[in-house]
Amino acid sequence: MEIKPAAAVIPKDTSQLEKGKYGPVYPKTPACYGFTVIANVKPGRADTIRGYGQKLAKALEGDPEVLAPLKLHYLRWVLFDNDTRFMYQGIFDTDFDKYTEDAVALFRKAGIDTVFENLEGFPADWKTNSEAFVKFVREHQCPSFMEYGEYPYVSADEIKKALKIKDAFSSMLDQMQ
């Protein structure tokens with residue numbers, strides 16, 4: 001099977017998209033699913049956001065599978081405009097509705113907070129009110145209009161499997177020498 005790079009354009013008018021539980025379901029693109037949220041940082045919370053990044057990195061050192069239910073490829077967090085604005089960008093294998101519900105359930109189960117608590121307008125009751133969490137994300141979402149994938153439509157699990165096969169094959173070749 002040959003995999004060719006691909007790109008997809010996402011329509012500005014979302015009225016033609018399928019409706020999910022929380023609004024339009026954006027199509028799976030060559031980069032899989034994802035969203036970008038840009039919001040104002042609560043005054044004085046930029047260092048807390050940076051600390052949360054450290055906390056998440058430590059949690060992953062302790063348990064590399066802690067975020068596995070989210071089927072993530074990548075997360076990118078950016079503080080900008082003199083630490084007054086925050087960008088959250090995530091690429092994952094599930095649609096928006098499932099990702100957000102899984103995120104709320106994961107954080108609730110693990111007893112951890114979300115970095116979003118440091119953003120203006122984020123609902124205090126997000127752990128018990130998934131709709132409020134989703135409403136915040138939708139209101140602050142900056143949808144892509146084009147997405148590109150060097151290895152299009154490939155899931156994170158497929159990539160991990162391919163890397164395991166590559167390692168096993170390399171190990172086998174090393175033993176043959």
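A search of the whole structure finds eight salt bridges, a salt bridge being a side-chain nitrogen of Lys or Arg within 4 Å of a carboxyl oxygen of Asp or Glu. The structure is a predicted model, in which local features need pLDDT of at least 70, side-chain atom pairs count only at pLDDT 80 or more, and totals for chains, interfaces and linings use all residues. Residues are numbered from 1 along each chain as its sequence is written, and side-chain values use heavy atoms, with hydrogens and water left out.

The protein chain contains four helices and seven strands, in the order β-β-β-β-α-β-β-α-α-β-α from the N terminus. Helices (H or I, at least four residues) and strands (E, at least two) are DSSP runs, numbered from the N terminus. The C-alpha atoms fill a box of roughly 60 × 40 × 35 Å along the principal axes. Of the 177 residues in the chain, 38% are buried; buried means under 20% relative accessible area, exposed over 50%, and partly exposed in between (1.4 Å probe, protein chains only). Contacts are defined by heavy atoms within 4.5 Å. Among contacts between residues at least 6 apart in sequence, 68% join residues at least 24 apart.

| Pair | Closest N and O atoms |
|---|---|
| E101 and K21 | 3.0 Å |
| K98 and D102 | 2.9 Å |
| E139 and K135 | 2.8 Å |

E101 lies in helix α2 and K21 in the loop between β2 and β3 (23-24), so this pair ties together parts that are 80 residues apart in sequence. E101 is partly exposed, at 29% relative accessible area, while K21 is exposed, at 59%. K98 and D102 are four residues apart in helix α2 and are thus separated by about one helical turn. K98 is partly exposed, with a value of 42%, whereas D102 is buried, with a value of 18%. In helix α3, E139 and K135 are likewise four residues apart, about one helical turn. Elsewhere, D47, R50 and D83 are linked in a network of salt bridges.

Helix α2 spans residues 96-110, 15 residues in total, and reaches 21 Å from its first C-alpha to its last. This is close to the 21 Å expected at 1.5 Å a residue, the expected span being 1.5 Å times one less than the number of residues. Its N-terminal end is capped by D95, a side-chain oxygen of which lies 3.2 Å from the backbone nitrogen of D97. The buried residues of α2 include F96, Y99, V104, L106 and F107. Among the elements that cover the buried residues of α2 are β4 (33-40), α1 (46-62), β5 (72-80) and α3 (130-140).

H73 is placed in strand β5 and is buried, with a relative accessible area of 18%. A polar contact of 2.6 Å joins the side chains of H73 and D93. A polar contact is a pair of N or O atoms within 3.5 Å; within protein, one must be able to donate a hydrogen and the other to accept it, and residues adjacent in sequence count only if both atoms are side-chain atoms. A polar atom of the H73 side chain also lies 3.3 Å from the backbone nitrogen of A156. S155, in the loop between β7 and α4 (156-176), is buried at 16% relative accessible area. Leaving aside neighbours within four places in sequence, S155 is in contact with H73 and D93.
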